[in-house]
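Biologist: I would like a close look at a single part of this model, taken slowly and with the residues named.

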Amino acid sequence: MQTATRPREPLETPRAAGVAGIVFALLLAAAMVLIRLGIPQGADAVSTQRADPAQRGAVHAALLLVPFAGICFLWFAGAVRAHVGEGEDRFMATVFLGSGLVFTAMMFGAAAAASAVLDTAHPAGTSPSRPVWDYGQHLAYSLMIGYAMRMAAVFTCSTSVIGHRLGILPRWLSVLGLLVTVILLFVATSVPWSELVFPAWSLLLSVYIVAVSFRRSPAGTPAP
């Protein structure tokens, strides 16, 4: 006797992947705010004041949030690629994936390096020396705000271009993404708090993807 086998249905991207983008945006924004509060004078400024415990605490809290933000970002990138579908361009998809992976690696590297510097040179209950504190804050600030944001700009640009070419993103969201790209490339390192445009854009994109998923039926066709 032969048993009939049912054809496999393609797996659908869970809505949780889109929700992960919202969580990523909130975690990254919180980490950036804490870094700004912990290093208010920027990476290249020279301060003669003693390292403040509240500032050290803010930097440590930001470093604790970074790994969870990176994990959620990978789910977010997967949700964006699933939203693009099979019509993605290989060139732009390669840039999209590459910039996203490098961005995640740089976030993890910044958190690990800065945490190692601060923890090994600053045992519990003691104050770090000024040169060590300056090096730690410079490393965390430069990697997170400087280099990682450049990769975030490439990720934002490639996503916006793909969304515009395939017509899967509203025009205003694609244009906003290109504007965010310019800000991250040329403004973020010199204008305080401007790097927050990336988590803000990621939040809008994630909300849009989740909203689109709720407008579809379980079979993947538009709901009546």
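Biologist: At what angle do α2 and helix α6 pack, and how far apart are their axes?

Modeller: Bearing in mind that this is a predicted model, α2 and helix α6, the latter formed by residues 197-214, pack at an angle of about 50 degrees, and their axes lie 11 Å apart. That angle makes α2 oblique to α6, and α2 passes α6 in a left-handed crossing. On the α2 side the contact is made by Phe73, Phe76, Ala79, Val80 and His83, which meet Phe198, Ser202, Leu205, Ser206, Tyr208, Ile209 and Val212 in α6. Sorted by class, this contact of α2 with α6 has nine nonpolar residues, three polar ones and no charged ones.

As for α2 itself, the helix covers residues 53-84, 32 residues in total, and reaches 46 Å from its first C-alpha to its last, close to the 46 Å expected at 1.5 Å a residue.

From α5 the contact draws on Trp172, Leu173, Leu176, Gly177, Val180, Ile183 and Leu184, and from α6 on Val197, Phe198, Trp201, Leu204, Leu205 and Tyr208. By class, the contact of α5 with α6 has twelve nonpolar residues, one polar residue and no charged residues. Phe198, Leu205 and Tyr208 of α6 take part in the contact with α2 and also in the contact with α5.

Methods:
Residues are numbered from 1 along each chain as its sequence is written. This is a predicted model: local features need pLDDT of at least 70, side-chain atom pairs count only at pLDDT 80 or more; totals for chains, interfaces and linings use all residues. Side-chain values use heavy atoms; hydrogens and water are left out. Helices (H or I, at least four residues) and strands (E, at least two) are DSSP runs, numbered from the N terminus. The expected span of a helix is 1.5 Å times one less than its number of residues. Axes are lines fitted to C-alpha atoms, for helices over the stretch in contact, and angles run from 0 to 180 degrees between N-to-C directions. Angles under 35 degrees count as roughly parallel, over 145 as roughly antiparallel, 65 to 115 as roughly perpendicular and the rest as oblique. A crossing is left-handed if the near helix is turned anticlockwise from the far one by less than a right angle, and right-handed if clockwise. Contact means heavy atoms within 4.5 Å. Ala, Val, Leu, Ile, Met, Phe, Trp, Tyr, Cys and Pro count as nonpolar, Asp, Glu, Lys and Arg as charged, and the others, Gly among them, as polar.
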